[in-house]
Amino acid sequence: MKRSVLNLGCALAGFITLVGMSSCGQKPVSSVPEGMTLVWSDEFDTDGAPDSEKWDYSIGGNGWGNGEAQKYTNTRENSIVKKGNLVITALYDGLWSSARLKTQFKARWTYGYFEIRAKLPRGVGTWPAIWMLPEFDKYGMWPRSGEIDIMEHVGFDEDVVHTTAHTKAFYHRINTQKTHSEMLQGAARSFHVYGLEWNPEYLQWYIDGKPFYRFDNTGGGIDEWPFDIPYYLIINLAIGGSWGGQQGIDPKMKKAEFLIDYVRVYQAP
């Protein structure tokens, strides 16, 4: 996959301001499409457990289909709101535990603009993700009803961020997935804004207000474009697995944190 440097550091701060990068303390730039208004958000302003009106949990272990090492819990040790952030913490105490939050059966959307400001965890073996699945598998089990990955990152390849769309015709197990990755300097050291614009014509990803990747509706039917049904959001931190664990899990790592500043959803009237 082609990789290029999105953020060349503080020496290019003036240029970075223009294109919307958010390093060196600069304010991140949003890419909300014109005419869209905020319909759902969580600013994580109230300390304590995540808002149960907005978030539910996936709980358990068994590898989650990817051979992951962690068990997901709903405890405050693994997910808590503090100091204006949702903090998802992976902990090792003989076994790994972490958290996977979702809006399933609480909020779902068909089309819109989705924006998440986050700071990624560090450590070989970490595998954070911000992604979307269909509320119901209208077109069949995965990947027939689709999956949209707004952001993925694996700790052994620090600061390389990935975006992907999966369908029956386009997915990773047959090496046809619609995907893109680039180097984003400081992705695991500072906050960045990850955005997705979804409409009947295309999926357009953004990072810090800058277009990152676009997947156009092929017109090939639901095998290629099942993205016309309600989807919900998922935010999780996995450990190990078929991708995150390709270079093992750092035996010295006992803790990793995934920080989310806000989640915002916009739609046209």
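What percentage of the residues in the chain do buried residues make up?

Tutor: Buried residues make up 54% of the chain, which has 269 residues. This is a predicted model, and the mean pLDDT of the chain is 91, with 90% of its residues at 70 or more. Residues 1-25 are a part to treat with care: pLDDT stays under 50 there, although the model has 53 contacts beyond four places in sequence for this stretch. Where pLDDT is low, predicted coordinates should not be read in detail.

The chain contains 17 strands and two helices. Of its contacts with a separation of 6 or more, 71% are between residues 24 or more positions apart. Its accessible surface is about 11900 Å², and carbon and sulfur atoms account for 50% of that.

E135 counts as buried because its relative accessibility is 6%, and the cut-off for buried is under 20%. Leaving aside residues up to four places away in sequence, E135 touches Q104, F105, R108, P230, Y231 and Y232.

Salt bridges elsewhere in the chain give the setting. The whole structure has nine of them. One of these joins the side chains of R264 and E43, at 2.9 Å from N to O. This pair ties together distant parts of the chain, with R264 in strand β17 (residues 255-267) and E43 in the loop between β1 (37-42) and β2 (56-57), 221 residues apart. R264 counts as partly exposed because its relative accessibility is 22%; E43 is also partly exposed, with a relative accessible area of 24%.

Another salt bridge is formed by the side chains of D261 and R117, at 3.0 Å from N to O. Here too the pair links distant parts of the chain: D261 belongs to strand β17 and R117 to strand β8 (residues 112-119), 144 residues apart. Both D261 and R117 are buried.

The side chains of K255 and E257 also meet in a salt bridge, at 3.6 Å from N to O. E257 is partly exposed, its relative accessible area being 30%. Finally, R122, E158, D159 and R189 are linked in a network of salt bridges.

Terms used. Residues are numbered from 1 along each chain as its sequence is written. This is a predicted model: local features need pLDDT of at least 70, side-chain atom pairs count only at pLDDT 80 or more; totals for chains, interfaces and linings use all residues. Side-chain values use heavy atoms; hydrogens and water are left out. Buried means under 20% relative accessible area, exposed over 50%, partly exposed in between (1.4 Å probe, protein chains only). Contact means heavy atoms within 4.5 Å. pLDDT is the predictor's confidence in each residue, from 0 to 100. Helices (H or I, at least four residues) and strands (E, at least two) are DSSP runs, numbered from the N terminus. Accessible areas come from the Shrake-Rupley method with a 1.4 Å probe; for residues, only the protein chains shown count as cover. A salt bridge is a side-chain nitrogen of Lys or Arg within 4 Å of a carboxyl oxygen of Asp or Glu.
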